[in-house]
Amino acid sequence: MGFTTGQVIQEFLYDDDVDSAVRQGVEEATGTELVDEEYGDVSDGTIIWWRDDDGGQEELTDMLVDAQANLDDGGLIWVLTPKPGRDGHVVPADVEEAARTAGMLATSAISVGPAWNGIRIASRSRSRR
């Protein structure tokens, strides 16, 4: 997923349906435990577990904006959604549209486990040149 040693990764919408192997893999890659949505400092990356009952495009747009508020420049955002045929499946086009509305760009998609797909979201830089 592109996370590296020493990074702080913030996790949103954790629930008992998430893939613990994905979480463990991120913690092993970074050497740090995931921090929750209440974390009040800058993070290096974000994981959002998003299901169709978490809301529509507007709510996901708001979640992406919230996630970006704590994100360091160049930080990665991953929106993880249940795979097709699984409860809570979200159409990738909905994630892409929410990212565009938030001023971000969906850049790639991967399978992150047997039940979850991930869409990488690139956030805009905070620096003004």
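Predicted model: local features only at pLDDT ≥ 70, side-chain atom pairs only at ≥ 80, totals over all residues.
Me: Is Asp 66 buried, partly exposed or exposed, and why?

Reply: Asp 66 counts as partly exposed because its relative accessibility is 46%. Residues are numbered from 1 along each chain as its sequence is written, and side-chain values use heavy atoms, with hydrogens and water left out.

Me: Where does Asp 66 lie?

Reply: Helices and strands are DSSP runs numbered from the N terminus: helices are H or I with at least four residues, strands are E with at least two. Asp 66 lies in helix α2, which covers residues 57-69.

Me: How many Å separate the C-alpha atoms of Asp 66 and Glu 37?

Reply: The separation is 9.5 Å, for two residues that are 29 apart along the chain. Glu 37 is placed in the loop between α1 and β2. With a relative accessibility of 37%, Glu 37 counts as partly exposed. Ile 48 belongs to strand β2 and counts as buried, at 0% relative accessibility.

Me: How is a salt bridge read, and how many does the structure hold?

Reply: Side chains of opposite charge can pair when their charged atoms come close. Here a salt bridge is a side-chain nitrogen of Lys or Arg within 4 Å of a carboxyl oxygen of Asp or Glu. The structure holds four of them. One of these joins Glu 11 to Arg 23, with the closest N and O atoms 2.7 Å apart. Glu 11 is in strand β1 and Arg 23 in helix α1, so this pair ties together parts that are 12 residues apart in sequence. Both Glu 11 and Arg 23 are buried.

Me: Which residue forms a salt bridge with Glu 97?

Reply: Arg 100 does, and the closest N and O atoms are 2.9 Å apart. Glu 97 and Arg 100 are three residues apart in helix α3 (residues 92-101), so about one helical turn separates them. Glu 97 counts as partly exposed, at 28% relative accessibility.

Me: Which residues are linked in a network of salt bridges?

Reply: The network links Asp 17, Arg 51 and Asp 54. Within it, Asp 54 and Arg 51 have their closest N and O atoms 3.0 Å apart. Arg 51 is buried, with a relative accessible area of 6%, whereas Asp 54 is partly exposed at 26%.

Me: What is an aromatic pair, and which rings form one here?

Reply: Rings of Phe, Tyr and Trp (its six-membered ring) pair if their centres lie within 6.5 Å; planes under 30 degrees apart count as stacked, over 60 as edge-to-face and the rest as tilted. The structure holds one aromatic pair. The ring centres of Trp 49 and Trp 116 are 4.8 Å apart and the planes stand at 80 degrees, so the pair is edge-to-face. Trp 49 lies in strand β2 (residues 43-49) and Trp 116 in strand β5 (residues 116-122), so parts 67 residues apart in sequence are tied together. Trp 49 and Trp 116 are both buried.

Me: What is the phi of Leu 13?

Reply: Most residues other than glycine have a negative phi. Leu 13 has a phi near 65 degrees, a positive value in a residue other than glycine. Leu 13 sits in the loop between β1 and α1 and counts as partly exposed, at 21% relative accessibility.

Me: Where does Asp 15 lie, and how far is it from Glu 37?

Reply: Asp 15 lies in the loop between β1 (9-12) and α1 (20-30). Asp 15 is partly exposed, at 38% relative accessibility. Glu 37 and Asp 15 are 22 residues apart in sequence and 12 Å apart in space, C-alpha to C-alpha.

Methods. Buried < 20%, exposed > 50% of the residue type's maximum accessible area, 1.4 Å probe, protein only.
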